[in-house]
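Visitor: Could you walk me through this model, one question at a time?
Guide: Gladly, let's look at it together.

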Amino acid sequence: MTIRTRFAPSPTGYLHIGGVRTALFNWLLTRRLGGQFILRIDDTDQVRNRQEALQPILDGFRWLGIDWDEGPEVGGPYGPYYQSERGDRYREAALRLVDSGHAYPDYTSKEEKEARRKEAEAAKRSYVHRGAHRDTPPAECRRLLAENPTVILLKVPLGRTLVLDDLIRGRVEWPMDSLSDPAILRADGGALYNLATVVDDAGMKITHVIRAVEHLSNTPPQLLIYEGLGHTPPQFAHVPLVFLNGKKMSKRDADRLRTSEVMNSLHAIGFTDEEIKTRLDLNPIAVAFYRELGYLPAALVNYLGRLGWSLDDKEEVIPLDKMKANFSLDRVNNAPGNFDPAKLLWLAGEYMRMLPDPQKVEGVIPFLQRKRLIPDGPPDEATRRKVAEVVKACGDRLKLFSDILLYGAFFFAKEPTYDMQAVKKRVQKAGVPEALREFARLLADVRPFEPVKLEEALKAFCEGRGMKVGDMIHALRVATTGVTVGPGVYECLAILGREETLRRIELALKL
């Protein structure tokens, strides 16, 4: 049997980190076993669906390297792959269930249901809904529906316990007597989730359903629908939730997750408050957030793959090929995974360290252009060479492509933005302004203007003056860059060049 898995996102917002992890688990298992991974779009909710939200979902998967064998923009033998185009199949299946005695029409009003619920509460028992036509013969049910279309309920068999052997959670049982008869088709003919999912999974020959544990409660009615339609159900595996700061990562928590640190990061790369407010995907539970900050997709995939799954309890950096070759559900943890931004950032640094410098240059250029530090369009040779020099000087400080703005923006700015506290502490220190003036005159004659020669010159200068080299290094850094952190000071001076270095020292002295 060829394994076939699927992921079915709803285009109601943005691509969620937790959803991506679930999709990744499906994809990894399918790729290891040589099967097919299907992308299906659950767009039956016409109220919440947003057509403009679909393309970012597809783009996000492609950015992460998660491809699909069947689905949107790819096609396949079991389409269409949009649930909004499969309505006739759902209605046909619902009527088949009615004809076989597994479903029935329900005309119970909201007022009647509420009265029954209150009665159950008064008697201190759970309310379990059963419709009046539960035992009505199928032919009569069809006649009623033809005359007066209404919601169709699935008939839950009583006196029975439903059992599932979950590939992650083990044996799960549900006593049927405690479950209400769930709706599977609305009065207007629109399918509800459980019916549509079963019809599609069966029709697309899905063999393994790997999904979030929050769908576990949907499994009993789905198993009953499989049974009623005469289909063999797939194998189920319910993946634990992803937590952030001890809470479930939810799309509704976007504002809570936009901390001052997050806002500062987005401001630093050029986003305005209005853009952050209107773009819901600019928060830590959305894939786009990490793409915009300049994370390498390989690092995010590695982190999500390790979030709840382990290879050997030791390895953290696991390249995609190795993950594909070794992924299995029996090593998926049954406990919720805790999303740790600090650990993800560390992992991003590990992947950036392995990236060749030419690819780093290509990655940082868009961030420099967004901040108007270099012109838009393909950089000329001189600009590209300077960017390459800055990237090399930044070294391991670059964990994200956007870090170029944190550690290298001053190289491209027309004027340094001085940290005035640093100026006061480092440049205005007693004896330092005079030393800077004197050393600037010496710099005019250093040949070549390169790190080794600059270091030799500064050490000789400090030794001759009886000064600490550190005092001059700090003063030169602040005077020429405006800040206290960045690449080595000699590399900074060399990249800025003699003329710009001298000009900036003079600017600082005028303060």
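Guide: A salt bridge here is a side-chain nitrogen of Lys or Arg within 4 Å of a carboxyl oxygen of Asp or Glu. This is a predicted model, where local features need pLDDT of at least 70 and side-chain atom pairs count only at pLDDT 80 or more, while totals for chains, interfaces and linings use all residues. Residues are numbered from 1 along each chain as its sequence is written, and side-chain values use heavy atoms, with hydrogens and water left out.

Visitor: How many salt bridges does the rule count?
Guide: Side chains of opposite charge can pair when their charged atoms come close. Applying the rule gives a count of 37 salt bridges.

Visitor: Why does the salt bridge of arginine 130 and aspartate 181 tie together separate parts, and how many residues apart are they in sequence?
Guide: Their side chains meet at 2.8 Å, N to O. Both arginine 130 and aspartate 181 are buried (under 20% relative accessible area, with exposed over 50% and partly exposed in between; 1.4 Å probe, protein chains only). Arginine 130 sits in the loop between helix H4 (110-122) and helix H5 (138-147), and aspartate 181 in the loop between strand E6 (170-175) and strand E7 (183-185), so the parts tied together are 51 residues apart in sequence. Helices (H or I, at least four residues) and strands (E, at least two) are DSSP runs, numbered from the N terminus.

Visitor: Which residue forms a salt bridge with arginine 160?
Guide: Arginine 160 counts as partly exposed at 31% relative accessibility. The closest N and O atoms of the pair are 2.7 Å apart, and the partner is glutamate 227.

Visitor: Where does arginine 40 lie, and with which side chain does its own side chain make a polar contact?
Guide: Arginine 40 is in the loop between strand E2 (36-39) and helix H2 (54-64), and at 1% relative accessibility it counts as buried. A network of salt bridges links Arg6, Arg40, Arg86, Asp200 and Asp201. A polar contact is a pair of N or O atoms within 3.5 Å; within protein, one must be able to donate a hydrogen and the other to accept it, and residues adjacent in sequence count only if both atoms are side-chain atoms. At 2.9 Å, the side chain that arginine 40 contacts is that of aspartate 201.

Visitor: Against which helices do the buried residues of H23 pack?
Guide: In helix H23 (residues 498-510), the buried residues are Thr501, Arg504, Ile505, Ala508 and Leu509. They cover an arc of only 140 degrees around the axis (taken from the directions from the helix axis to the C-beta atoms), which puts them on the same side of H23. The face turned away from that buried side carries the exposed residues Glu499 and Lys510. With contact meaning heavy atoms within 4.5 Å, the packing partners are helix H18 (420-427), helix H19 (432-443), helix H21 (469-481) and helix H22 (489-496).

Visitor: Which strands stand at the edges of the open sheet of three strands?
Guide: Strands of a sheet pair through backbone hydrogen bonds, either parallel or antiparallel. The order of this sheet is E11-E10-E12, with mixed pairing; two strands pair if DSSP finds at least two bridges between them. Each edge strand has a single partner strand, so one side of each is left without a neighbour in the sheet: these are strand E11 (247-248) and strand E12 (337-338).
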